[in-house]
Amino acid sequence: MKNYFYKMLFVFFLLTLVGCKNNEKTDSVKITTAENTIKYASGLAIYEYDGYSVVKVTNPWPDANKDFTYVLKEKNAVVPDSLQQHLSIQVPLQSIVVTSTTNVPFLEMLGVENKLVGFPHTDYISSEKTRALIDKGLVKNVGQNEKLNMEQLIELAPELIVTFGVDNNNPMIQNLEKSGLKVMIQGDWMEQSPLGKAEWIKLYAALFGKQKEGKKLFDDIVKNYNQALDSVKNSKAETTVLYGSMYQDQWYVAKGNSWVAQFLRDAKADYLWKDLEGTGSLGLSFENILDKAKNAGCWIAAGPYKTLAELEESNPHYSQFDAFKKKNVYTFEAKLGATGGTVYYESGPSRPDLVLKDFIKIFHPELLPDYTLTFAQKLN
């Protein structure tokens, strides 16, 4: 009996000791065992805990010298001491400013576009739903990306500004933070995977407490994308493709691992620069382009052209391409919003399933007989 008493006393002592250390151990376990809810995006990670989430943004711009960590905290949630060094953001948000049109569709898909209170150069927004909010004065024009109107932002007092950087020198972001405004850096524009770009909807879902809705929306996009892939799995990449147009004295061709090139590969098209290593683009002379792509079967042109005549007027040398002569030229940039914003630039990244279907419709129209092009348009 005495031995049993001492054993129980020892167990009680151990439990008391563990209880005293409970917060410390729980913090450690939570941070190391939570699973990343992000599958496709390479620059985003979200770890969900009880009452809060940890968001990690990596490689937000080329050669970035730092990563960013944010804590999304629900009301009355207790955040571990080890995370106190990071910016804490109370969620769900009641107001937000974003600075890229690609973020607007995420807000609309989640049904929180009414939480948007400011945007730089609102004319760039093409969505009818958000344009209606702008016309009512509910979304303010807060300047330009590199010259945001600081006084107006302070007056608006959004709970969060989501913006982006292009290099390691970001004085505007630093000025925003010095003014007491909360700023989050996002890097969806750096993603090269079509599904990776679209998965950033989960960040906005976390900011507005709509994780379940965000997951379902994204899962549906993945399902549709994979169904589109399945439709061309037995097709051959027979159509040779020229992509882009002249910009000043250069033709910037998308490299083989770029966002555009991956769509062309998935749509079973023979992109002429598919073997060019890297992401981003490479500037070439018109002579280089003509030499390699004169006989291309299809041309996806860059620019808001609606007719072949408009395209030729911009550069008479374009008529030398066989795709031009055969009237097999398309563009994804012809559809514009009421104030000139490009629909594809705004909505394409969030709906890669529709972009892929557009490409499949162009290269393998027989596979999608009932599908109508969403973004692409053939030049007449």
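Trainee: Let's take Asn59: what is its relative accessible area, and how does that class it?
Mentor: Keep in mind that this is a predicted model. Anything under 20% is buried and anything over 50% is exposed, with partly exposed in between. Asn59 comes out at 38%, so it is partly exposed. You'll find Asn59 in the loop between strand S2 (52-57) and strand S3 (68-73).

Trainee: What is the phi of Asn59 near?
Mentor: General idea to start with: most residues other than glycine have a negative phi. In this model, Asn59 has a positive one, near 50°. Lys268 is another non-glycine residue with a positive phi, about 60°. Lys268 sits in the loop between H10 and strand S15 (270-271), and with a relative accessible area of 22% it is partly exposed.

Trainee: And peptide bonds? Which residues does a cis bond join here?
Mentor: As a rule, most peptide bonds are trans. Here, Val91 and Pro92 are joined by a cis one, with omega about 5°. Pro92 belongs to the loop between strand S4 (87-90) and strand S5 (96-98).

Trainee: Back to accessibility. Is Ser350 buried or exposed?
Mentor: Use the cut-off again: buried means under 20%. Ser350 has 1% relative accessibility, so it is buried. Ser350 lies in the loop between H14 and helix H15 (352-363). Look at what surrounds it: beyond its neighbours within four places in sequence, Ser350 touches Pro105, Phe106, Met109, Ala198 and Ile221. A polar atom of the Ser350 side chain is also 3.0 Å from the backbone oxygen of Ser347.

Trainee: What about Ala309, buried or exposed?
Mentor: Exposed is over 50%, and Ala309 has 53% relative accessibility, so it counts as exposed. Its place is in helix H12 (residues 308-314). For a sense of distance, take Ala309 and Phe68: they are 241 residues apart along the chain, with 48 Å between their C-alpha atoms.

Trainee: How is the chain divided into domains?
Mentor: There's domain 1 (92-225) and domain 2 (234-379). Their centres, taken over C-alpha atoms, are 28 Å apart. The contact involves 23 residues from domain 1 and 24 residues from domain 2.

Trainee: How many of the lining residues fall in each class?
Mentor: The count is 17 nonpolar, 14 polar and five charged.

Trainee: Last one, the whole chain. How many helices and strands does it have?
Mentor: The chain has 15 helices and 19 strands. Its C-alpha atoms fill a box of roughly 100 × 55 × 40 Å along the principal axes. Of its 380 residues, 48% are buried. As for contacts between residues at least 6 apart in sequence, 60% of them join residues at least 24 apart.

How values were computed: Residues numbered from 1 in each chain as written. Predicted model: local features only at pLDDT ≥ 70, side-chain atom pairs only at ≥ 80, totals over all residues. Heavy atoms only, no water. Nonpolar A, V, L, I, M, F, W, Y, C, P; charged D, E, K, R; others polar. Helix = DSSP H or I, 4+ residues; strand = E, 2+ residues; numbered from the N terminus. Buried < 20%, exposed > 50% of the residue type's maximum accessible area, 1.4 Å probe, protein only. Polar contact = N/O pair within 3.5 Å; in protein donor to acceptor, adjacent residues only side chain to side chain. Contact = heavy atoms within 4.5 Å. Domains from an automatic or database assignment.
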